[in-house]
Amino acid sequence: MVEMHIGFDDTDSPKRGCTTYIAALLVEKLSSIGVSFIDYPHLIRLNPNVPWKTRGNGALCLRIRCNDNLLDKIIITVIDTIEVNAELNYEGTDPGVVFLFHKVPQEIKDFSKRTVQGLVEQRQALKLIKRFKAEALGFKKGRGIIGGLAAIGESLNGDHTYEIIAYRTPENLGTPRKIHSSSVTEMNEKTSPFTFNNIDPETGRILITPRGPDPILYGIRGENPEVVRLAHEMIRREEPVERWMIFRTNHGTDSHLRKVSSIVKIQPYKPVDVQGVVTKEPRVIQGGHIIFSIRDETGEVDCAAYEPTGTLCQISKNLTVGDLIEAFGGVRPSSSKHSKTINLEKMRILKLAPKTTILNPTCPDCGRRMKSMGTRKGFRCKKCGFRSSQLEKLVVKEERKLKKGLYITSPRSQRHLTKPLCRYGREKSSAPKRTIEGWHFP
Ligand code: ZN
């Protein structure tokens with residue numbers, strides 16, 4: 001028996017297809033020829049901040065055990081299935097597949113981490129493939145080889161979550177998805193917080209169904225394989241499900257965010273987690289987005305909370321100079337129009353600066369707010385004429401509308417990788433020992 005890891009990526013186009021669907025097809029095909037699976041298929045979201053990302057930037061890995069004599073057949077099956085189902089006619093789709101025939105070496109794990117948190121190049125992937133005697137095949141430009149190798153390298157031995165994905169039959173592709181929204185509400189009530197991001201709480205919008213013409217009917221995310229399967233059984237639908245499968249993923253784990261110790265270390269396209277003091281009052285720009293700046297002793301950076309981030313935008317509006325915050329998000333490089341900017345996914349308010357206003361004193365006779373007669377010349381009451389050179393300006397402490405704590409973009413605008421509030425305290429530190437019975441159909 002040999003162990004084998006099959007990683008692939010970049011098979012879909014914005015209009016059609018889905019790399020997870022190819023994984024589901026392969027699980028059926030490989031099962032039928034006697035392959036056993038070491039783990040659930042892994043769905044690994046890569047750095048959402050790269051400038052050239054594919055739609056969801058998710059790569060897949062199947063981890064299997066099989067007889068030596070099956071190897072050729074497996075490789076042919078995988079390549080054929082990708083070739084038939086990938087959107088090869090779409091210009092930006094460059095599928096790639098990688099086969100690794102032994103345990104995953106640390107160097108490939110490190111490569112994977114760089115692919116989730118930063119930027120990598122195809123030649124780095126090819127070098128590792130050669131060094132560890134893996135096999136790889138790229139279609140067209142073959143950029144999918146990067147994601148394929150990265151998916152192999154992320155063994156999800158730390159925090160992870162699950163997603164069950166149900167797929168539509170071909171005749172329904174492109175038509176509205178027919179599921180009962182009331183069943184989604186019920187499912188959410190019964191299974192959350194062990195499932196998450198089913199419904200956007202602010203708008204009531206159902207989040208488990210994508211809106212494009214891809215083959216996904218819905219995907220339900222959760223903390224364990226049992227709960228996502230149960231949730232799936234609770235959905236009432238009026239269209240057939242061709243197949244479904246449970247994936248193990250890095251969704252909702254914040255694994256893209258890299259903690260940096262100072263603002264000077266922030267680099268474009270590498271998502272960060274960094275602390276700084278607010279130096280400029282938040283301002284609203286066109287579209288209702290909020291921009292403010294933070295700094296530490298090493299430098300200054302802009303932060304942007306976009307209007308669709310809901311709560312986060314509301315909270316940002318009320319920040320003031322002197323507040324200490326921790327900012328989390330992708331980094332946009334500077335341009336002629338704006339400086340380097342963190343696109344906020346979440347924010348932790350660590351310290352609120354006292355906010356004060358300075359007011360003229362009130363008249364001791366009639367209680368009306370007095371007028372200043374000029375610097376150090378005292379005050380005069382306009383109503384009763386009372387004058388005083390003894391009274392002084394008052395420093396009034398304003399009540400802050402904010403509370404310290406963690407604020408996260410609303411579920412409807414969360415990235416796949418963003419850890420939602422309900423997952424805090426539920427982080428896992430090891431992989432499951434085995435898969436549950438029945439994690440895929442057929
Ligand atoms: Zn007065």
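Contact here means heavy atoms within 4.5 Å, and helices (H or I, at least four residues) and strands (E, at least two) are DSSP runs, numbered from the N terminus. The structure is a predicted model, in which local features need pLDDT of at least 70, side-chain atom pairs count only at pLDDT 80 or more, and totals for chains, interfaces and linings use all residues. Residues are numbered from 1 along each chain as its sequence is written, and side-chain values use heavy atoms, with hydrogens and water left out.

Tyr21, Ile22, Leu25, Leu26, Lys29 and Leu30 of helix 1 meet Ile74, Thr77, Val78, Thr81, Ile82 and Asn85 of helix 2. By class, the residues of this contact are eight nonpolar, three polar and one charged (Ala, Val, Leu, Ile, Met, Phe, Trp, Tyr, Cys and Pro count as nonpolar, Asp, Glu, Lys and Arg as charged, and the others, Gly among them, as polar). Two packed helices are described by the angle and the distance between their axes. For helix 1 (residues 19-32) and helix 2 (residues 71-85), the axes come within 10 Å and cross at roughly 145 degrees; axes are lines fitted to C-alpha atoms, for helices over the stretch in contact, and angles run from 0 to 180 degrees between N-to-C directions.

Aromatic side chains come next. Four aromatic pairs are found in a search of the whole structure, where rings of Phe, Tyr and Trp (its six-membered ring) pair if their centres lie within 6.5 Å, and planes under 30 degrees apart count as stacked, over 60 as edge-to-face and the rest as tilted. Tyr40 and Tyr162 form an edge-to-face pair, at 5.4 Å centre to centre and with 80 degrees between the planes. Because Tyr40 lies in the loop between strand 2 (36-37) and strand 3 (42-45) and Tyr162 in strand 7 (residues 161-168), the pair ties together parts that are 122 residues apart in sequence. Tyr40 is buried at 1% relative accessibility, and Tyr162 is buried at 3% (buried means under 20% relative accessible area, exposed over 50%, partly exposed in between, with a 1.4 Å probe and protein chains only). Phe37, Tyr40, Tyr162 and Trp439 form one aromatic cluster.

Readers thinking about cysteines may like to know that zero disulfides (pairs of cysteine sulfur atoms within 2.5 Å) are found in the whole structure. For Cys66, the nearest cysteine sulfur is that of Cys61, 14 Å away, and Cys66 is buried at 1% relative accessibility. The sulfur of Cys313 is 13 Å from the closest cysteine sulfur, in Cys303, which is too far for a bond. Cys313 is buried too, at 3% relative accessibility.

The backbone also has some features to look up. The peptide bond from Ser192 to Pro193 is cis, with omega near 10 degrees, and Pro193 sits in the loop between helix 6 and strand 8 (195-196). Another cis peptide bond joins Phe441 and Pro442, with omega about -5 degrees; Pro442 belongs to the segment after strand 23 (440-441). Leu156, a residue other than glycine, has a positive phi near 55 degrees. Leu156 is in the loop between helix 5 (144-153) and strand 7 and is buried, with a relative accessible area of 1%. Tyr269 has a positive phi near 70 degrees, lies in the loop between strand 11 (258-259) and strand 12 (272-285), and is partly exposed at 25% relative accessibility.
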